[in-house]
Amino acid sequence: MKKVWLTSPWLLSLFMILAGAITTFAYAPFHLSLVPVFTLAALCLLVLRTERWQQAFWLGFCWGLGWFGAGINWVHIPIEQFGGVPLVFSLALMLLLSGYLALFPALAACAIFTFKTNRALPLLFAASWLLLETIRAWLLTGFPWLSLGYSQTDSILRHWAPLIGETGISVLIVCTAAALALLLLRRQWHALGFILPLWLIAPLLQPLHGWKVTGETVDVALVQGNIKQELRWDPAQESATIRHYMELTEPHLGTSLIIWPEAAIPRVEILAEPFLHELDALLAEYNSSLITGIIDYNFYTDAAWNSLITLGKQHQTDSMGHYQPAHANRFEKHHLLPIGEFVPFEDLLRPLAPIFDLPMSSFSRGDYVQNNLLANDYRLLPAICFEIAFPRQIAANLTADTQLLLTVSNDAWFGDSIGPHQHLQIARMRALEFGRPLLRATNNGITATIDANGQIQQQIPQFTAAVLTDQMQLTSGHTPYSRYGDWPLWLLSLVSLLWGSWQRFHRA
């Protein structure tokens, strides 16, 4: 292998890019959950045979470039189709983002190189991976997409989610991959012998999940309007869009909870008030409550928020709807998507290209911690679109009274790609981690109901205008992950890296 590296570095680079790209098949819609173990093991094997950290960095970068280049290839779709950027440039921007993200597995590969003589290499590699993934989820507002743990929503490792979260499952995958590499290269069984039981006992962890079914159910109706992206903010289509949602909803009046997706109402709230008051009264008449996405805009300050509001009954005993302008029973999106919802250095960037001047790309940020929405006496913890990928934000807003998780989105930006499937998989992991059923309403799919075990109960196919009706089993209690989050893993990783570094430099 050393000779191959010296004579044909491009061959190894291409192999690593291919291995990273194959990792995409672990995620939805493919669900080949064991793939990351083997592709990461391949990276470990090659890095363990290198003699310089620069070689390790390059191998990790190539692996990451393949991983993100294939896994988030859908990023170029909104840039090209709605951002007014030629295809070649949209692909270049997608590769630029992939190159930035590939820096994190590149640095993780350097950690393999640094600790390659340490018998605790799997633990030290996993600790480094955790640290770098935490930075990736925070730096430049964070992009935690394709974190390895999401690939396990249908594997036996999913049973670990209520205890250690998606983050902890990622650690188990990385540990297993490194242990497999040591077994193949050095015939060291000890690490794999310690890790395999953690896989095998996973199905036995149900009693430790910390939540239980209350016996109460709630009937829900999730409306998928399937409005084409190019029509969503066309002023000439506003009335038609609202009428379309009303026609889909009217047969389901009387349902306890009705959900419309992100920005379903294409008018800013202050201009939609006459319609909202009328709908509020109609919902109360039928003992229903509706949660919908809408843009809240302040004409005096020129500030806008990507919001969710509730209409109809706030409490089951109410005799009328509760909607009033600027009422507190609302949610304002906190975690905004760069370029799509806010533009850094916008005075400089907006004139450069249409991609920096998309409709609704100048939002203000809501508070990090907000009250749960109250609808017909049910308390829902909301997240709009990208926010569902940030478990620490969900944990910060979870209370003892939270009964349902709610995420609304508009994945029409990403067309018929793997992006919406990955987005749904992320939502499933949140249900698993926090032991709460989850409602997911989207404009054009994939709208779904998910139980507290992260399993899809029902879903609407993409690119279909339809209404999903279901009954959700409510739960109570707190999972260990909802109580302690990632702190135990962070502490273990910090101690492990300090110990590994002390050993490394003490020996030197």
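Start with the record: the unreviewed UniProt entry lists "transmembrane region" for residues 30-49, 56-75, 87-113, 120-140, 160-185 and 192-211. What you have open is a predicted model, so let's see what the chain does in two of those spans.

**Stop 1: two of the listed spans**

Select residues 120-140. That span is 76% helix and 0% strand, and its end C-alpha atoms lie 32 Å apart. Now switch to residues 160-185, where the chain is 96% helix and 0% strand, with 29 Å between the end C-alpha atoms.

**Stop 2: a nonpolar patch**

Next, show Leu18, Ile22, Phe25, Phe30 and Leu32 as a surface. Together they make a nonpolar patch of about 440 Å². Zoom in on Leu32, which sits in the loop between helix H2 (9-22) and helix H3 (35-48). Leu32 is partly exposed, with a relative accessible area of 47%.

**Stop 3: salt bridges**

Time to turn on the charged side chains. The model has eight salt bridges, and three of them are on this tour.

Pick Arg267 and Glu238 to begin with; their closest N and O atoms are 3.0 Å apart. This pair ties together distant parts of the chain, 29 residues apart: Arg267 is in the loop between strand S2 (257-259) and helix H11 (269-285), while Glu238 belongs to helix H10 (residues 238-249). Arg267 is partly exposed at 23% relative accessible area, and Glu238 is partly exposed too, at 22%.

Move on to Glu269 and Arg330, whose side chains meet in a salt bridge at 2.8 Å, N to O. Here the link spans 61 residues, from Glu269 in helix H11 to Arg330 in strand S5 (residues 330-332). Buried or exposed, what is Glu269? Glu269 is buried, with a relative accessible area of 3%. Arg330 counts as buried as well, at 10% relative accessibility.

For the last pair, go to helix H14 and select Glu433 and Arg430. Their closest N and O atoms are 2.6 Å apart. The two residues are three apart in H14, so about one helical turn separates them. Glu433 counts as buried at 0% relative accessibility, and Arg430 also counts as buried at 0%.

**Stop 4: strand S9 and its neighbours**

Stay with H14 and bring in the strands around this helix. Strand S8 (residues 404-409), helix H14 (residues 419-434) and S9 make a right-handed β-α-β unit. S8 and S9 run parallel, joined by five bridges. To find one of the contacts, pick Ser409, whose bridge partner in S9 is Thr442.

Now colour S9 (residues 438-442) on its own. Five of its five residues are buried, so the strand is largely enclosed by the rest of the structure.

Finish with strand S10 (residues 448-450), which runs antiparallel to S9 with three bridges between them. Select Leu439 and you can trace a bridge to Thr449, its partner in S10. The hairpin of S9 and S10 has five residues between the strands, and in it Gly445 takes a positive phi near 110°.

Note on methods
Residues numbered from 1 in each chain as written. Predicted model: local features only at pLDDT ≥ 70, side-chain atom pairs only at ≥ 80, totals over all residues. Heavy atoms only, no water. Buried < 20%, exposed > 50% of the residue type's maximum accessible area, 1.4 Å probe, protein only. Helix = DSSP H or I, 4+ residues; strand = E, 2+ residues; numbered from the N terminus. Pairing = 2+ DSSP bridges. Right-handed = clockwise from strand over helix to strand, strands pointing away. Patch = residues over 30% accessible without salt bridge, like charges linked within 9 Å, V, L, I, M, F, W, Y side chains within 5 Å. Areas by Shrake-Rupley, 256 points an atom, 1.4 Å probe, with all protein chains shown as cover. Salt bridge = Lys/Arg side-chain N within 4 Å of Asp/Glu carboxyl O. UniProt positions renumbered as here; feature names shortened; annotations may be inferred.
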